[in-house]
Amino acid sequence: MDTNRKGNISEAKILHAFVKAGYIVLIPFGNGASYDLAVDIAGRLWKVQVKTGLLQKGCVVFPLRRFSGRNRRVKKYQRGEIDLFAVYCPENDKIYLMHSETDLHQGRFRVEHTNNNQQQKIRWADEFEFDVFLENLRKDLVELVGLEPTTFALPAQRSSN
């Protein structure tokens with residue numbers, strides 16, 4: 001299966017999951033956007049970049065870079081271009097979400113225990129599964145609701161008429 005078809009399947013699966021969960025999803029027109037979907041979560045639009053993951057050595061592995069041009073140049077996502085990575089793994093039919101702020105070249109979620117029983121600095125896949133991640137994100141956003149931003153009032157301007 002070619003990469004375009006794999007990407008289309010991943011986008012369709014992730015789009016379906018967001019819609020099924022009750023979110024409003026926007027799709028950018030054309031090919032100019034750095035993200036594949038925009039999702040309204042708690043009144044904020046989150047720019048989502050879709051990736052396809054592969055199971056390798058007990059992990060779901062996926063690229064955190066993009067390939068552009070005919071020579072398939074590898075480019076890093078710049079800060080602010082995307083908010084979330086959404087990863088569909090066809091081998092286990094699961095969707096994972098993670099924040100985009102990373103300098104890694106490759107994402108990795110562990111689905112099986114390590115051979116050496118390592119426990120620290122492991123991104124366990126179940127913590128990033130679609131429903132779990134969104135529930136934690138909603139909790140984080142609800143905690144921020146009680147905070148009031150610092151504002152200032154502009155003096156009222158009256159017309160001279």
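**View A. Nonpolar surface patch of I24, L26 and L45.** In this predicted model, I24, L26 and L45 form a nonpolar surface patch of about 280 Å². Patch residues have over 30% relative accessible area and no salt bridge, with nonpolar side chains joined within 5 Å. Areas are Shrake-Rupley values with a 1.4 Å probe. A salt bridge puts a side-chain nitrogen of Lys or Arg within 4 Å of a carboxyl oxygen of Asp or Glu. L45 sits in strand 3 (residues 44-52). L45 counts as partly exposed because its relative accessibility is 46% (buried is under 20%, exposed over 50%).

**View B. The largest pocket, about 1,100 Å³.** Of its 32 lining residues, T3, G7, Q49, V50 and K51 are closest to the centre. A pocket is an open set of points on a 1 Å grid where a 1.4 Å probe fits, with protein on both sides within 12 Å along at least five of seven lines; lining residues have an atom within 4 Å of a point. Helix 1 (3-20) is among the elements that each supply at least two lining residues. Helix 1 gives the most, seven. Helices (at least four residues) and strands (at least two) are DSSP runs. The lining has eleven nonpolar, 14 polar and seven charged residues.

**View C. The second largest pocket, about 320 Å³.** Of 18 lining residues, R79, I82, S100, E101 and T102 are closest to its centre. The lining divides into six nonpolar, five polar and seven charged residues; Gly counts as polar.

Residues are numbered from 1 along each chain. Local features need pLDDT of at least 70, side-chain atom pairs need 80 or more, totals for chains, interfaces and linings use all residues, and side-chain values use heavy atoms, without hydrogens or water.

Notes: Patch = residues over 30% accessible without salt bridge, like charges linked within 9 Å, V, L, I, M, F, W, Y side chains within 5 Å. Buried < 20%, exposed > 50% of the residue type's maximum accessible area, 1.4 Å probe, protein only. Points joined across faces, edges and corners; volume = space filled by probe spheres on them.
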